[in-house]
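Student: I have not looked at this structure before. Can we go through it by question and answer?

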Amino acid sequence: MKRAVVFALLLAAVGCTRTNGTGGWGTPHELTIVRANDTPSLNPLFAFDQPDIDITQLYAEPLVGLSANNQLVPLVAARVPTVANGDVARDGRTVTYHLRHGVRFADGVALTSKDVAFTYRAILDPRNPVTEAQPYRIIDRLRTPDPYTVVLHFRRPWGAATAALFAVSDFIYGILPAHAFASTDLSHAAWNDRPFGSGPFRVVRWEHGDRIVLEPNPYAWRKPHLTRLVLKIVPDRNTELLLFQTHAVDVVDYLTDDQAAQRRDVLGTSLIRTEKNHLAYASFQLRRAPTDDPRVRRAIAESIQRNEIARKVYHGLWPLATTEIAPVLWGHDRGVRAPAFDLAAAARDFDAAGWHLVRGIRTKNGRPLTIDVAYEASNQGERSVAIVIQENLERVGVTADVRGYPTNVFYAVPDGTYYGGRFNLAISGFYGGADPEQSEFWTCDRVAPNGPNVARYCTPAYDALFNAQSQLVDRSARSAEFARMQRELAGAAVFLPLVYRGDYSAANPAVRGWAPNMLFEFSNADEWDLTR
């Protein structure tokens, strides 16, 4: 009864069954997208989760974007800097951006190089809880010789700069309107509640926990087709699809694998699959016994049936992963193989590490082999992965103590479960960026809690390879270094790759232009429309 009443109220709130007069559903040129959670912030610098980052590009444009076929495209920049067009120095230490003329923020004020400089200073302002500032610290100097030119000078050569800075990448820092802020301390700015930028839309209303309403930016250089865009917040994932099936909403994005698998027959051609730069994996902790021993890590990996995880947890939707760089990226090395399920090899590695099988239990000096397996409690998929791993390890005499932690405890910095290294094996995943470098974060300077290297892997060999590729601008030369890095990590058994995950969305057949790229759903929002 309660579910029925709530659903009825949701239908009334969204607009019940909406038809456009021709047998379809929806209102022409108006789009309603349902999402599972409200965002904690609409400021691009503070967004952490992929769907939250995605929203920000509706109104705040970076310099460089990413097309539906995963190519860098100019947005606020008039062209993508390259060595060929002279905007990237051959030594990789300088990048020049020529800004597009005539770009305006949604209040009519022109966007100039001073706004790029302000955004850069805000990213580095320690008062702001910026999600990822480290790449911007590689900039030694930012110059603005005129209103339409921005020159970045780096502390060292950097081949990935144009795909990482002010770009649609793992994080998207759209250009902020300097005149809308009193200072570079953005924490309590009024702009955060009704943000606007140079993107195709502007936020006109944010009803916390219910909806975000956007309308066209009247000054946008990318003129949207839609006259209204609503992001409807519905925390219950089953209700999301009910709203879609009753034509109360037009798009459900970031469907769970369970939803996609269970509703494929019902959703039919409305279901849209996108391959993503997204790796699901289990990270070992290299500074905590017993996973500080590479032989133990390898033996654990050889004891786990990844095929079973792919089938049971991910419903066979996604391919088995092999390396940290997904196949959608040019740096992926197809020659690398992940540890195969091989109980005989596992037994040899356990024995070599001194963990012998005694009455069905792996022991060493009278102690049983026990590992802590951690996951974020709200993520049912990660919990399912942890349970399969627990069952697999039990069969080889290893005890896996599986525990789920609240999000704020699991991801707390510096001493939470994940960044504090309070695990032997942590179930997780990450989106890389538009450049392979953003999938390679196992360097010594990014050892947690200073960065995402939660495995605490740190070797001169890997750092040397990372530094070598970063100082090259030639793609083929960089690709060779990435291949060596992938083999280095695979040989050290730093993590257990599970699957390369993509995303499913469901769209009203009347929706036009819905074309997610390998990172986000909303990059081409100016092309969306809902027609009769």
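Tutor: We start with a definition: a disulfide is a pair of cysteine sulfur atoms within 2.5 Å. Keep in mind that this is a predicted model.

Student: Which cysteine does a disulfide join to cysteine 444?

Tutor: The cut-off for a disulfide is a sulfur pair within 2.5 Å. The structure holds 1 disulfide. Its S to S distance is 1.9 Å, and the partner joined to cysteine 444 is cysteine 458.

Student: Is the link of cysteine 444 and cysteine 458 right-handed or left-handed?

Tutor: The handedness goes with the angle about the S-S bond, which is 100° here. The link of cysteine 444 and cysteine 458 is therefore given as right-handed.

Student: How many residues apart in sequence are the parts that the pair ties together?

Tutor: Cysteine 444 lies in the loop between strand E17 (425-431) and helix H13 (460-470). Cysteine 458 also lies in the loop between E17 and H13, so the parts tied together are apart in sequence by 14 residues.

Student: Is cysteine 458 buried, partly exposed or exposed?

Tutor: Buried means under 20% relative accessible area and exposed means over 50%, with partly exposed in between. Cysteine 444 has 26%, so cysteine 444 is partly exposed. Cysteine 458 has 36%, so cysteine 458 is also partly exposed.

Student: Turning to the cavity, which element gives the largest share of the lining of the largest cavity?

Tutor: The structure holds 1 cavity of 30 Å³ or more, and the largest cavity has a volume of about 40 Å³. Strand E1 (30-35), helix H2 (50-56) and strand E10 (251-255) are the elements that give two or more residues to its lining. The largest share, 3 residues, comes from E1.

Student: How many charged residues are in the lining of the largest cavity?

Tutor: The lining includes Ile33, Val34, Arg35, Asp253 and Phe522. Arg and Asp count as charged. By class, the lining has 7 nonpolar residues, no polar ones, and a charged count of 2.

Student: Which element gives the most to the lining of the second largest pocket?

Tutor: About 610 Å³ of space lies in this pocket. Of its 26 lining residues, Leu72, Thr162, Trp330, Asp435 and Arg475 lie nearest its centre. Helix H4 (161-164) and helix H14 (475-492) each give two or more residues. The most, 3 residues, comes from H4.

Student: In the open sheet of 3 strands, which are the edge strands?

Tutor: The strands stand in the order E12-E13-E14, with antiparallel pairing. An edge strand here pairs on one side only, and the edge strands are strand E12 (356-358) and strand E14 (367-368).

Student: How far is the C-alpha atom of tyrosine 405 from that of isoleucine 175?

Tutor: Tyrosine 405 is in strand E16 (residues 399-405). Leaving out residues up to four places away in sequence, tyrosine 405 touches residues including Ala374, Phe410 and Thr417. Isoleucine 175 is 230 residues from tyrosine 405 along the chain, and their C-alpha atoms are separated by 36 Å.

Terms used. Residues numbered from 1 in each chain as written. Predicted model: local features only at pLDDT ≥ 70, side-chain atom pairs only at ≥ 80, totals over all residues. Heavy atoms only, no water. 1 Å grid on protein atoms, 1.4 Å probe; cavity = no way out; pocket = protein on both sides within 12 Å on 5 of 7 lines; lining within 4 Å. Points joined across faces, edges and corners; volume = space filled by probe spheres on them. Helix = DSSP H or I, 4+ residues; strand = E, 2+ residues; numbered from the N terminus. Contact = heavy atoms within 4.5 Å. Pairing = 2+ DSSP bridges. Buried < 20%, exposed > 50% of the residue type's maximum accessible area, 1.4 Å probe, protein only.
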